[in-house]
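Reader: I have a chain on the screen and some questions about how it is put together. Please take them one at a time.

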Amino acid sequence: MRKGIFLPFVIAVAAAIVYAMIVSSAEKKLNASKNIKQVFVPIRDIKEREVIKRDFIKPVPVPAAYLQKDAFTYTTDADFKAIENAVARIQIPKGNQISKYSVTSLSPEAGLSSKIPVQMRGYMISVPMATASMIKPDDNVDVLLTFEAVMKSGSRQKVALTLLQNVKVLGVGSDLGQGLDLKSANAMKSKEEDAAAYSDSSTLALSLSPRDAQYLALAQAEGEISVILRSHGDVNNYLMEIATFEKLFN
């Protein structure tokens, strides 16, 4: 082959190879862009041991090549349930993919502290099992105190007063409102029924301010504490007079 023909031939072959490489790279990018997955990411930083709410997260598209291992993926709105009410094991920065390793289920093992609002305290009281069975996490209750008081006449008499109103229930026994599936709910119920065979009481976890927690501790040392359930729609505080036997029979 003559030199004048060989050089253009080599250049043409090289150009064809470069062109093929460019086309191949473009095709790979195009295919990658088509293979998109929806993953859940936080819209703000989620703190360690914080309960994840639905409005904390959103689905965003990412190429499948960049999908993290064990990341929660989104297909329908039902997929929110896999993360909603879970507890963050570690801090999850805003925009990061949420992996199954980074969360755990809301349970006593995750800790009650994950449910306590900022500047509030979790106060545990013992209540009869029959009472606990009718109360659910996130219900509101009033706390009553019954004690023996010295009346103006000098006599001693049992009285009752409403000590706290509109108190949020954080948990009842081992139920923290985690939204269990049927199998888990039945297992928890069986466990609590076994516990009830040895005790006729259960634990109620209340969300109280530090001040109210002090007064409730003082009240428990003075008399008998009981709780009454409120309607979900009733958030008002009422002026309640002290109940006495004299008023009852008059």
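Predicted model: local features only at pLDDT ≥ 70, side-chain atom pairs only at ≥ 80, totals over all residues.

Author: Residues are numbered from 1 along each chain as its sequence is written, and side-chain values use heavy atoms, without hydrogens and water.

Reader: How many helices and strands are there in the chain?

Author: Helices (H or I, at least four residues) and strands (E, at least two) are DSSP runs, numbered from the N terminus. The chain has 5 helices and 10 strands.

Reader: Which residues of α4 are buried?

Author: Buried means under 20% relative accessible area, exposed over 50%, and partly exposed in between (1.4 Å probe, protein chains only). Helix α4 covers residues 210–222. Its buried residues are A213, L216 and A219.

Reader: Within what arc do the buried residues of α4 fall, seen down its axis?

Author: The arc is taken over the directions from the helix axis to the C-beta atoms. An α-helix has 3.6 residues a turn, so residues three or four places apart point the same way. The buried residues of α4 are A213, L216 and A219. They line one face of the helix, because they fall within an arc of 125°.

Technical notes:
Expected span 1.5 Å × (residues − 1).
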